[in-house]
Amino acid sequence: MNIFSLTLLLAVNAAVFQLLHLDADMSHCCKVDIREFTIQAAHKLLMNGTLSSASLIKCYIRRIRVMNPQLRAVIEINPDALTIAHGLDDYFKVHRRLAGTLHGVPILVKDNIATGDNMNTTAGSWALLGAKPKDDAKVIKQLRKAGAIILGKANLSELSGYLRLNQLTFSFLSFKAQPGWSSRGGQTKNPYRLRQTPGGSSSGSAVAVAANLAFGSPWHGYRWIRHKPSCSGFHGWIPAKYRQNIKQGDNPVIPKPRFSK
């Protein structure tokens, strides 16, 4: 092993050690370990008054701000997330029941899914900064109806790795762009091995879940539901193939999916 290889190896291992150290430091918040935290566990604590939606959101925002400079999994934090959480806490105090099956659950959304709020929907591109849809995508409406809190936007391959012009599709990957890179978010890093690929266009969503920056993150693509999670060490899950029109409100720069007969 030459001196350059040894120096590079030590630098990579130091970065991984630093990330593990941050993970340990940020593991406990509000007297609970939020690593691998489940919806059932969160709701149990919400119901008995040990935890509030607002305090849970503060924990995740703090974790993102500390760990995201290393991982680059999150492009933007929802400026209204804490206000929404306080609203859910008020709802629980009045009605003594949860607002839905996802009450207070922090969700990160891929940055090519429209949210009709104060967040941008740019598909990771600086050229689209300031693009704020007037309405939510269908999947976002369903999440909000269930009580979920849209915590922010997840990084991705810019324009999902594709640009479609006049029926011609260009892949940014052919121009040596790495999976999970965008001009707004930078290069998404695999949380378990920083130099290993984080997957593909939905890298930020997968890495955010693997690093416990949110409870979950929706993205489309029935083939890709296995690929990105497998790169970051967890399982992807989709309720039923072709049952939901989850692409309504998705950024149209992506080529239409082709399914074999």
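## Packing of helix 3 against helix 4

In this predicted model, helix 3 and helix 4 pack with their axes 7 Å apart and at an angle of about 155 degrees. Since angles over 145 degrees count as roughly antiparallel, the two helices are therefore roughly antiparallel to each other.

On the side of helix 3, the residues that take part are S53, A54, I57 and K58, and they meet A81, L82, A85, H86, L88 and D89 of helix 4. Sorted by class, the contact between helix 3 and helix 4 comprises 6 nonpolar, 2 polar and 2 charged residues.

## The largest nonpolar core

The largest nonpolar core holds 46 residues, and within it F37, I140, L143, L151 and L213 are the members that touch the most other members. At least two residues of this core come from each of helix 2 (39-47), helix 3 (53-71), helix 4 (81-95), strand 4 (106-110), helix 5 (138-145), strand 5 (149-154) and helix 6 (203-210). Helix 3 gives the most, with 9 residues.

L213, one of the members named above, is in contact with Y60, R63, I64, M67, L71, A73, V74, L108, L151 and A208, once its neighbours within four places in sequence are left aside. Among these contacts is L151, which is itself listed with the members that touch the most others.

## A42 in helix 2

A42 belongs to helix 2 and is buried, having a relative accessible area of 3%. Not counting residues up to four places away in sequence, A42 touches F37, L51, L56 and F215. The C-alpha atom of A42 is separated by 8.2 Å from that of V105, although the two residues are 63 residues apart along the chain.

## T188 and its polar contacts

T188 is located in the loop between strand 9 (186-187) and helix 6, and with a relative accessibility of 1% this residue counts as buried. The side chain of T188 makes a polar contact with the side chain of N155 at 3.1 Å, and it also reaches the backbone oxygen of R72 at 3.3 Å.

Beyond the neighbours within four places in sequence, the residues in contact with T188 are L71, R72, A73, N155, G180, P198, S203, G204 and V207.

## Positive phi at E36 and A123

Most residues other than glycine have a negative phi. E36 has a positive value, with phi near 55 degrees, and A123, likewise not a glycine, has a positive phi of about 55 degrees.

E36 is found in the loop between strand 2 (32-33) and helix 2, where, at 57% relative accessibility, E36 counts as exposed. A123 lies in the loop between strand 4 and helix 5, and at 0% relative accessibility A123 counts as buried.

## The chain as a whole

The secondary structure of the chain comprises 7 helices and 9 strands. Of the 261 residues in the chain, 48% are buried. When contacts between residues at least 6 apart in sequence are considered, 69% of them join residues at least 24 apart.

How values were computed. Residues numbered from 1 in each chain as written. Predicted model: local features only at pLDDT ≥ 70, side-chain atom pairs only at ≥ 80, totals over all residues. Heavy atoms only, no water. Core = buried A, V, L, I, M, F, W, Y, C linked by side-chain atoms within 4.5 Å. Buried < 20%, exposed > 50% of the residue type's maximum accessible area, 1.4 Å probe, protein only. Helix = DSSP H or I, 4+ residues; strand = E, 2+ residues; numbered from the N terminus. Contact = heavy atoms within 4.5 Å. Axes fitted to C-alpha atoms, helices over the stretch in contact; angles between N-to-C directions. Parallel < 35°, antiparallel > 145°, perpendicular 65-115°, else oblique. Nonpolar A, V, L, I, M, F, W, Y, C, P; charged D, E, K, R; others polar. Polar contact = N/O pair within 3.5 Å; in protein donor to acceptor, adjacent residues only side chain to side chain.
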